[in-house]
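Here is a short briefing to read with the structure open beside you. Take your time and look for each part as it comes up.

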Amino acid sequence: MKKSPAGFLKAPNLSLRDIIAAFFRRKWLILITLATTLTATLVFALITPDKYESRIKLLVKNMRTESPVTTGNEAVVDNNEVSESQIVSQIELLKSRDLLEEVVKQTDLARPARAGEAISEKDIEKAVYKLEKDLQISPVKKANIIEISYISETPQTPAVVVNK
């Protein structure tokens, strides 16, 4: 190797032929890595169940008019704003156990433990727990909107659940 004027060693120039030769020397390592990656990706894609999601956004309005009692001709300004506490209250009502149980009953999410049996309270409780886990309810920032999303393994179920 030659030394540069500053005293550093110069690297030899690499040609395209040198790079290709290096790939051919390691071709089995490269092919095994590629095959392993493709096989793992294929297995993951085949094993992972399909997930379907449905979303809905609800506008929270202040429908109740509060007319304060005044002692004169004072102008009352009512802008019908919805407070953060009202939105949080609505979210908690949507997450309530009674409402989720009603949704489970209306959408037939509960399945009997054994085929041919009637649906028991335990089956309904399992379905309510799964619904509670898969249902996402969150406020949209700086808006009086609540977003609800539900994920399921069947294509029709999320749309039916979110619309109930």
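Buried residues make up 19% of the 164 residues in the protein chain. Keep in mind that this is a predicted model. The protein chain exposes about 13700 Å², and carbon and sulfur atoms supply 58% of that area.

**Overall layout**
- You can find six helices and three strands in the protein chain.
- Read along the sequence, they follow the pattern α-α-β-α-α-α-β-β-α.
- Take the contacts between residues at least 6 apart in sequence: 58% of them join residues at least 24 apart.

- Leu14, Leu16, Ile19, Ile20, Phe23, Phe24 and Ile30 make a nonpolar surface patch of about 740 Å².
- Helix H1 (residues 16–25) gives the most to this patch, with five residues.
- Phe23 lies in helix H1. Is Phe23 buried or exposed? Phe23 counts as exposed because its relative accessibility is 51%, and the cut-off for exposed is over 50%.

**The buried side of helix H4**
- In helix H4 (residues 97–107), the buried residues are Leu100, Glu101, Val103, Val104 and Thr107.
- These residues cover an arc of only 160° around the axis, so they sit on the same side of H4.
- What covers the buried residues of H4? The cover includes helix H3 (84–94), helix H5 (121–134), strand S2 (135–139) and helix H6 (157–163).
- After H4 comes Asp108, which has a positive phi, near 55°.

Key:
Residues numbered from 1 in each chain as written. Predicted model: local features only at pLDDT ≥ 70, side-chain atom pairs only at ≥ 80, totals over all residues. Heavy atoms only, no water. Patch = residues over 30% accessible without salt bridge, like charges linked within 9 Å, V, L, I, M, F, W, Y side chains within 5 Å. Areas by Shrake-Rupley, 256 points an atom, 1.4 Å probe, with all protein chains shown as cover. Salt bridge = Lys/Arg side-chain N within 4 Å of Asp/Glu carboxyl O. Helix = DSSP H or I, 4+ residues; strand = E, 2+ residues; numbered from the N terminus. Buried < 20%, exposed > 50% of the residue type's maximum accessible area, 1.4 Å probe, protein only. Arc of directions from axis to C-beta. Contact = heavy atoms within 4.5 Å.
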